[in-house]
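Hi,

Here is the structure I promised to pass on. Have a look at it first, then read my notes below.

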Amino acid sequence: MVPGIMPLSCCRAMPKNDGAKKPVSETVPDQRWKLQVFYLCFYGFMTQIRPGESFITPYLLGAEKNFTKAEVTNVITPVLSYSYMAVLVPIFLLTDYLRYKPVLVLQSLSHISIWLLLVLGTSVLAMQLMEFFYGITMAARIAYSSYIFSLVAPSRYQRMASYSRSAVLLGVFTSSVLGQLCVTLGGISFLTLNYVSLGFVSFGLILTLFLERPRRSLFFNRPRGASNAAVPTELDRMAEGDRGVGTRGWQDMVLCRMLRELGALARQPQLRLWSLWWVFNSAGYYLMLYYAHILWNEISPTTDNRRVYNGGVDAASTLLGAVASFAAGYVKIRWTLWSELVIGVVTAFQAGLLLLMNSTTNIWLCYAAYILFRGSHQFLVPIAIFQIATSLSKELCALVFGVNTFFATVLKTVITVIVADKRGLGLSVHPQFHVYFGYFTLLAVVYLLVAIRVGVQHSHRRQPVELALAKEPCQPPEEIPAQENSPEAGTVRA
């Protein structure tokens, strides 16, 4: 999935009730909400058109900017992790409090700032500021992914969220292909490509201004009649016990109670497992993403822009990620038994790909390993989303993914400080990838050991049952509940 898009579409939708008061999105004229969703998807597509994005690293290392690899690796790039961690929680809260649109405007202004600094900036400080704004744009992606839920009824959440996500993926793919065609066939310089990107992000700001600002949001701007619905939401149910407290007081109480409920949910094995996968594997995944382009420049330090294929590789990895995510929806196994093994095998595969990327001198092998690494991660993302969110309310779903993303960001920042930052070890890119290979290898070993333990425990549980059935051959075996054969098995039920 695209980083920062909150996967709320798998959260439990409220059942229909004709007697309940309908939300705003069901009372507006039918064509109006359809136009709003269409415009939001068009906006999501257009704001991803930044053809120079895949070529930022070779642009910084090339003759036009002429920064050293040490400056880009150990001074400039680490700022992205620090910025993202610093702004993630404030933007998460402001997105809901300000009702989405102001944060989307901030994101567009930050995109413009990025490309102005890329075009006009000449110092290391300017590039660090560019990375700071990049962190803001990444954190602000939550505003787009959650905006859709203020436009449509709960019964339409999943389909509309898939539309908005597809628009973003199509935009990323189109942007990467466009950038590669401009460089390889058009012979356009990286500087010119950045001017083109500046034009597109400026157009994106104009599109943002025409977005309608919703009247409600998930936490802070709830409609007054929401608690009168036949099926109350998580916040409504929690607020019932806090009627005697002032408005600010009951909001604080609800937040505390939701956090306590998260603590209780963390004891559920499947939710805990996939949340830990989200934290640990996402941290390593994004570190690889941040430094892969520097590794490519190290392996193939060409001065001929036509032979830089970053855009094509990003397009292929985006396409494979989309296909893998789609294919994951058709995997039907007993996840309570096989989750650890699947995660362990995929993580071991990713560790092998990192070793290949770091040891090969063939740039095409490195490209292929990168594409497969991203595809394998995107294969597990929708499974993790389903296993975590399928039984949670919409509010708890948002909170769980927010907490998981925050811890993943903290872990990624800690590793960056130790490994990449010049104030830490300040490793160059090849030693960094040795560290990332060791990190994923350790994760794979832990997952596989846990998988063996789960398998042994399951085998021990089955033996008494088989012995009992052998002693009573005339009695038919007890029917296995349908839930055990479904992908929902082992998930939390509210």
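Predicted model: local features only at pLDDT ≥ 70, side-chain atom pairs only at ≥ 80, totals over all residues.

Leu356 sits in helix 15, which covers residues 335-359. Residues are numbered from 1 along each chain as its sequence is written, and side-chain values use heavy atoms, with hydrogens and water left out. When I say helix, I mean a DSSP run of H or I with at least four residues, numbered from the N terminus.

Back to Leu356: it counts as partly exposed because its relative accessibility is 30%. The scale is simple: buried is under 20% relative accessible area, exposed is over 50%, and partly exposed is in between, using a 1.4 Å probe and protein chains only. Leu356 is 13 residues from Ala369 in sequence, and their C-alpha atoms are 7.0 Å apart in space.

Another pair to look at is Val37 and Tyr163. Their C-alpha atoms are 8.7 Å apart, although 126 residues separate them in sequence. Val37 belongs to helix 2 (residues 30-46), and its 5% relative accessibility makes it buried.

Next, helix 16 (363-389). How many of its 27 residues are buried? The count is 20, so this helix is mostly covered. Its length works out as well: at 1.5 Å a residue, the 27 residues should span 39 Å, and the end C-alpha atoms are 39 Å apart, which agrees.

Now for the rings. Searching the whole structure gives 19 aromatic pairs. Rings of Phe, Tyr and Trp (its six-membered ring) pair if their centres lie within 6.5 Å; planes under 30 degrees apart are stacked, over 60 are edge-to-face, and the rest are tilted. Two of the pairs involve helix 16:

- Tyr285 and Phe373 are stacked, with 6.2 Å centre to centre and 5° between the planes. Tyr285 is in helix 13 and Phe373 in helix 16, so the pair ties together parts that are 88 residues apart in sequence. Tyr285 is buried at 1% relative accessibility, and Phe373 is buried at 0%.
- Trp296 and Tyr367 are edge-to-face, with 5.0 Å centre to centre and 90° between the planes. This pair also links distant parts of the chain, with Trp296 in helix 13 and Tyr367 in helix 16, 71 residues apart. Both residues are buried.

There is a ring cluster too: ring pairs link Trp274, Trp277, Trp278, Trp335 and Phe401.

What about empty space inside? Rolling a probe the size of a water molecule over the atoms shows where empty space is left. On a 1 Å grid over the protein atoms alone, a cavity is a set of points where a 1.4 Å probe fits but cannot get out, and lining residues have an atom within 4 Å of a point. Grid points are joined across faces, edges and corners, and a volume is the space filled by probe spheres set on the points.

By this rule there are 2 cavities of 30 Å³ or more. The largest cavity holds about 840 Å³ of space. It is lined by 36 residues, and the closest to its centre are Glu53, Tyr134, Leu289, His293 and Asp314. Among the elements that give two or more residues to this lining are helix 13 (269-299), helix 14 (310-328) and helix 16 (363-389). Helix 13 gives the most, with 6 residues. The lining divides into 18 nonpolar, 11 polar and 7 charged residues. Here Ala, Val, Leu, Ile, Met, Phe, Trp, Tyr, Cys and Pro count as nonpolar, Asp, Glu, Lys and Arg as charged, and the others, Gly among them, as polar.

Finally, two loop residues. Asn66 has a positive phi of about 60° although it is not a glycine. Asn66 lies in the loop between helix 3 and helix 4 (69-76) and is exposed at 57% relative accessibility. Arg99 also has a positive phi, about 65°, and is not a glycine. Arg99 lies in the loop between helix 5 (78-97) and helix 6 (101-120), and is partly exposed at 22% relative accessibility.

Cheers

How values were computed:
1 Å grid on protein atoms, 1.4 Å probe; cavity = no way out; pocket = protein on both sides within 12 Å on 5 of 7 lines; lining within 4 Å. Expected span 1.5 Å × (residues − 1).
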